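Take a look at the model below. We will start with one residue and its surroundings, then turn to a set of annotated positions.

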Amino acid sequence: MARPSDASEGSGNNRPRVDYFYDALIGNFNYGEGHPMRPHRVRLTHHLVVNYGLFQHVNVFRPKPASKADLNAFHSDEYIRFLTDITPDNMQDCLSQLERYNLGADCPVFDGLYEYCQTYTGGSIAGAARLNQGCSDIVLNWSGGMHHAKKGEASGFCYINDIVLAILELLKVHPRVLYIDIDIHHGDGVEEAFYLTNRVMTLSFHQSGGNFFPGTGHINDTGAKLGKNYSLNFPLLAGMDDASYESIFKPVVQKVMEVFQPGAVVMCCGADSLSGDRVGCWNLSIRGHTQCLELMKSFNVPLLVLGGGGYTIRNVSRCWAYETARLLDQHISDNVPWHEYMDYYGPDYKLHVPVSNMENDNTAASLEKTKARIFEALSQIEHCPSVQIQTGQPGTRRNPDPLGAEDSDEDLDCTADERLLGHKRCHLAEYFDEEGGDLMDTNRLRLRDFDEPPSDDDEL
């Protein structure tokens with residue numbers, strides 16, 4: 001059982017109090033042979049965190065699985081019931097439902113599917129509750145970040161949108177929540193859920209153009225009704241590098257923080273924006289990716305950090321372990337410490353990997369033009385927008401890869417993600433009614449069992 005360090009207890013050295021949620025079973029879930037999404041990457045990340053000694057500086061918790069009531073706070077009863085019942089053994093009898101809920105090649109049915117959803121979602125909701133209670137400053141759940149899932153269907157390897165559920169939890173205490181997405185894919189599921197409210201601002205930096213999944217997140221998609229100008233998108237082209245990314249991310253985020261002044265921030269830190277990802281086509285280094293998190297940390301606002309995409313898993317674990325260290329103000333060696341998954345990091349066994357020489361299709365002029373459009377949208381919203389809805393009582397609601405398996409480079413060609421886009425959907429406007437206005441009343445959300453800091457029995 002890992003005990004909280006002095007740093008995490010706020011002993012006077014000004015280091016943030018950091019919670020870390022991890023379930024050792026997460027790496028056992030398997031989307032199927034050949035599928036790019038591999039939960040084993042979270043296990044690899046955890047072993048780096050442990051062997052670098054970073055676990056000594058965090059409060060480590062095993063999340064309680066999310067209940068049906070937790071999931072129904074956003075997702076439809078019918079969809080959750082379907083996920084509960086569907087298995088590889090009975091799926092042939094449910095073909096019409098599979099199509100209805102968008103389960104197939106991208107979102108396959110596999111053994112333990114519902115338990116997998118409960119596991120990664122439980123950490124995100126519990127992490128949000130910890131922030132609400134003031135128990136921590138930063139919470140990490142690298143297994144979360146499933147930003148494509150919709151209210152009533154799966155999408156893009158995502159079944160349950162843990163991000164939406166975590167934001168709903170945070171809104172019970174914080175009048176405004178900011179969501180930032182640095183995954184290479186547009187955070188369409190989160191944007192869709194909050195498209196018509198001004199209590200949540202979504203800001204997504206993502207690849208666009210062609211058939212790149214999910215084909216949403218245009219610069220003109222800025223929200224509607226009360227949420228007009230609260231959905232911000234920065235579409236980008238292939239080859240994005242560190243210098244170009246910093247030139248847009250820092251000024252845009254600083255302006256957003258100045259205007260919106262959120263009470264809490266949620267970040268989706270998908271590592272598919274790194275150079276050499278099997279699905280992505282950008283050229284960010286691990287350090288460049290991490291600078292985004294370090295900037296958000298500097299604002300000293302409660303921060304929930306989630307995973308997301310990332311499909312060259314040895315680089316995903318490198319990135320998320322390094323980001324864990326930087327959030328803890330810990331410096332770690334570039335030499336990967338010896339441990340049982342060492343073979344993933346050969347032949348040089350280094351933490352940082354070089355970027356490629358791919359061309360950056362984003363010009364300084366195009367980036368400046370898009371940045372100006374976002375600044376224009378921000379200029380049209382009120383500073384610290386009024387709160388239309390009062391929240392509930394504060395603080396309440398309540399098969400693995402073999403050891404040493406090679407991470408194949410066969411598909412490592414940085415081609416665009418041309419997953420089947422399917423039908424384009426209108427925004428669901430989950431929390432808006434033409435007559436009643438903003439319906440995001442968190443009083444309706446069911447109470448959670450996680451309304452007190454977890455006991456020692458809940459820790460690893």
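Buried means under 20% relative accessible area, exposed means over 50%, and partly exposed lies in between (1.4 Å probe, protein chains only). Asn-233 has a relative accessible area of 1%, so it is buried. This is a predicted model: local features need pLDDT of at least 70, side-chain atom pairs count only at pLDDT 80 or more, and totals for chains, interfaces and linings use all residues. Residues are numbered from 1 along each chain as its sequence is written, and side-chain values use heavy atoms, with hydrogens and water left out.

Asn-233 sits in strand β6, residues 231–236. Strands (E, at least two residues) and helices (H or I, at least four) are DSSP runs, numbered from the N terminus.

What does the side chain of Asn-233 meet? The side chain of His-186 makes a polar contact with it at 2.9 Å. The side chain of Glu-191 makes another, at 2.8 Å. A polar contact is a pair of N or O atoms within 3.5 Å; within protein, one must be able to donate a hydrogen and the other to accept it, and residues adjacent in sequence count only if both atoms are side-chain atoms.

Now the annotated positions. An unreviewed UniProt entry places the feature "binding site" at Asp-106, Gly-156 and Tyr-311. They span 206 residues in sequence, yet no two of their C-alpha atoms are more than 13.6 Å apart, so they gather at one spot. UniProt annotations may be inferred rather than shown by experiment; positions follow the numbering used here, and feature names are shortened.

Gly-156 lies in the loop between β3 (138–141) and α6 (162–170). Its relative accessible area is 5%, so Gly-156 is buried. Tyr-311 lies in the loop between β8 (303–306) and α10 (313–327). Tyr-311 is buried too, with a value of 3%.
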